[in-house]
Amino acid sequence: MTILVTGATGIIGRQVVRHLLDRGQKVRALTRDPGRAVLPDGAEVAACDLTDAAGLEEAFDGVAAAHLINFGGDHQPLASGRDIVEAAERAGVGKVTVLAGWREGTLEPAVRASGLEWTFLEPVQFMANFLTDWGQALRSTGRVREPYGDRKSPPIDEYDIGAVAATVLTQDGHHGRSYHLTGPEVLTARGMVAIIGQVTRRDLRFEELTPDQVRREWSVPGGMPSLSLFRAFSQAAGVGDADLVEILLQMYGTPNEYGTALTDQVEQVIGRPPRTFAQWAAEHADHFRPAAAA
Ligand SMILES: NC(=O)c1ccc[n+]([C@@H]2O[C@H](COP(=O)([O-])OP(=O)(O)OC[C@H]3O[C@@H](n4cnc5c(N)ncnc54)[C@H](OP(=O)(O)O)[C@@H]3O)[C@@H](O)[C@H]2O)c1
């Protein structure tokens with residue numbers, strides 16, 4: 001049977017592809033641009049834009065299960081959710097996993113109302129965010145300059161999200177479930193910088209900015225760092241820069257139960273505990289070292 005992976009070139013999609021291939025599954029990896037996509041040899045790479053209903057028929061042809069993203073370019077929620085679900089149903093798709101995003105679009109309600117055997121994956125902050133959020137600063141200055149160093153989160157290794165998706169797509173018993181996926185431990189931002197320092201054997205520091213320093217430094221043109229949270233909000237909600245700074249201060253400064261609580265759902269699905277931040281950081285250590293020392 002063929003399993004379709006949408007968003008296959010993305011952080012999570014490429015992990016889903018990897019785990020499915022490791023399980024010996026036949027994988028169709030979807031991308032808008034096969035010429036640019038770098039995907040494992042074992043995957044069939046297929047071109048399709050999820051916003052284009054005409055291409056969906058072919059994408060789902062012969063597919064028994066599918067991993068679905070709910071967003072299109074610039075991470076805007078897809079308007080074509082019903083088209084995607086209808087194409088999947090016409091093709092006789094059984095199971096689908098849906099990677100839940102910041103905002104619900106048209107896909108989620110269409111999936112819930114469908115006859116598909118669906119499972120929603122609701123991960124917290126991906127560890128991969130720190131490659132883009134902190135990589136450059138730690139390589140060049142050895143410092144992360146941000147507010148609220150003691151803010152907590154249980155970040156999850158993207159490898160584990162892929163493992164959960166692959167398990168759900170190839171196993172029975174997950175229909176109608178929404179899995180809140182977290183890593184194995186609640187960590188502070190300051191603590192994560194310290195862990196990266198330990199695994200890279202570098203003297204790395206978290207330099208805490210006050211909210212007023214953040215407003216002063218990040219609100220000027222070019223002053224705002226390229227943080228995943230900013231990217232997600234500006235892309236998903238079309239929020240202006242000054243508002244983004246206030247949103248970030250609010251989110252980092254006000255812990256919320258859902259974003260900081262641990263769950264055991266990764267282990268329940270894949271039968272082993274999720275990977276630790278130290279394991280993830282060791283695997284990506286070179287990304288946090290200056291080029292000469294890498
Ligand atoms: N980062 C976090 O901490 C976090 C936490 C929880 C949830 N999330 C959610 O996770 C999602 C992001 O996942 P990700 O990081 O894996 O994404 P990503 O790395 O940004 O990858 C985006 C993928 O979407 C594909 N894509 C975009 N528009 C498309 C279209 N119109 N048709 C077909 N494919 C399209 C891209 O494929 P091509 O470019 O190859 O066509 C690419 O594979 C968001 O919904 C976000 O809200 C993120």
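This is a predicted model: local features need pLDDT of at least 70, side-chain atom pairs count only at pLDDT 80 or more; totals for chains, interfaces and linings use all residues.
The domain assignment divides the chain into domain 1, residues 2-123, and domain 2, which consists of the segments 129-154, 184-256 and 275-293. The C-alpha centres of domain 1 and domain 2 are 30 Å apart.

An open sheet of seven strands is present, with parallel pairing and the strand order E3-E2-E1-E4-E5-E6-E9. Its edges are formed by strand E3 (44-47) and strand E9 (177-181), each of which pairs on one side only. On average, neighbouring strands of this sheet are turned by 20 degrees against each other, with direction ignored. Helix H6 (residues 158-170) packs on the sheet and touches E1, E4, strand E5 (95-99), strand E6 (117-123) and E9. The direction of H6 makes about 170 degrees with that of E6.

Within the sheet, strand E1 (residues 2-5) pairs with E2 as well as with E4. Strands E1 and E2 (residues 26-31) run parallel and are joined by four bridges; here Val 5 stands opposite Ala 29 of E2. The unit formed by E1, H1 and E2 is a right-handed β-α-β unit. The pairing of E1 with strand E4 (residues 63-69) is likewise parallel and also comprises four bridges. In this pairing, Ile 3 has Ala 65 of E4 as its bridge partner, and Leu 4 is bridged to Ala 66 in E4.

The ligand is surrounded by 30 residues, of which the closest are Gly 10, Thr 31, Arg 32, Gly 72 and Gly 101. Two or more residues of the shell come from each of helix H1 (11-22) and helix H9 (228-237). The largest share, three residues, is given by H1, the helix of the β-α-β unit described above. Divided by class, the shell contains twelve nonpolar, 15 polar and three charged residues. Residues of both domain 1 (2-123) and domain 2 (129-154 + 184-256 + 275-293) take part in the shell, and the ligand therefore lies between the two domains.

Notes:
Residues are numbered from 1 along each chain as its sequence is written. A residue is near a molecule or strand if its C-beta atom, placed from the backbone, lies within 6 Å of it. Ala, Val, Leu, Ile, Met, Phe, Trp, Tyr, Cys and Pro count as nonpolar, Asp, Glu, Lys and Arg as charged, and the others, Gly among them, as polar. Domain bounds come from an automatic or database domain assignment. Two strands pair if DSSP finds at least two bridges between them. A crossover is right-handed if, with the strands pointing away from the viewer, the path from the first strand over the helix to the second runs clockwise. Axes are lines fitted to C-alpha atoms, for helices over the stretch in contact, and angles run from 0 to 180 degrees between N-to-C directions. Two residues are in contact if their C-beta atoms, placed from the backbone, lie within 7 Å.
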